[in-house]
Amino acid sequence: MIDYLIAMTIIPILLLGWLIVQSIARRFAKLHPEFGPPREEGTGCGKSCLCSGSSCQRQGDNPRGYNNE
């Protein structure tokens with residue numbers, strides 16, 4: 001029972017902590033626009049795609065239709 005109570009208190013505390021970190025990052029980005037906008041998790045281009053300009057292309061996709069093999 002004690003494990004359940006510990007989990008029920010730690011999980012919301014961690015969530016609240018993450019929301020505070022995001023708020024601090026957004027506020028910092030607003031005060032320092034020279035660094036660009038804050039990068040949000042799951043938006044834009046990441047490790048699984050190749051970026052060129054504003055488009056995002058998956059690594060397995062080839063725009064010319066050639067195989068990479």
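**Entry 1**

I began with F35, which is exposed, with a relative accessible area of 60%. I kept in mind that the model is predicted. I then looked up F28, which is partly exposed at a relative accessible area of 45%. F35 gets the label "exposed" because its 60% is over the 50% cut-off. I counted aromatic pairs and found one in the structure. F28 and F35 form this pair, and I noted it as stacked. Their rings lie 6.0 Å apart, centre to centre, with 10 degrees between the planes. I wrote down both values because a pair of aromatic rings is described by the distance of the centres and the angle of the planes.

**Entry 2: elements and confidence**

I listed one helix and two strands in the chain. From the N terminus on, I read their order as α-β-β. I looked up the mean pLDDT of the chain, which is 76. I also noted that 58% of the residues reach 70 or more. Helix α1, residues 2–31, has the highest mean pLDDT among the elements, at 94. Strand β2, residues 55–58, has the lowest, at 57. I reminded myself that where pLDDT is low, the predicted coordinates should not be read in detail.

**Entry 3: the surface**

I checked how many of the 69 residues are buried, and the share is 3%. The chain exposes about 6,700 Å², and I noted that carbon and sulfur atoms supply 62% of this area. I then found a nonpolar surface patch of about 890 Å². I listed its residues as M1, I2, Y4, L5, I6, M8, I10 and L14. I placed M1 in the segment before α1. M1 is exposed, with a relative accessible area of 75%.

How values were computed. Residues numbered from 1 in each chain as written. Predicted model: local features only at pLDDT ≥ 70, side-chain atom pairs only at ≥ 80, totals over all residues. Heavy atoms only, no water. Helix = DSSP H or I, 4+ residues; strand = E, 2+ residues; numbered from the N terminus. Buried < 20%, exposed > 50% of the residue type's maximum accessible area, 1.4 Å probe, protein only. Areas by Shrake-Rupley, 256 points an atom, 1.4 Å probe, with all protein chains shown as cover. Phe/Tyr/Trp six-rings, centres within 6.5 Å; stacked < 30°, edge-to-face > 60°. pLDDT = per-residue confidence, 0-100. Patch = residues over 30% accessible without salt bridge, like charges linked within 9 Å, V, L, I, M, F, W, Y side chains within 5 Å. Salt bridge = Lys/Arg side-chain N within 4 Å of Asp/Glu carboxyl O.
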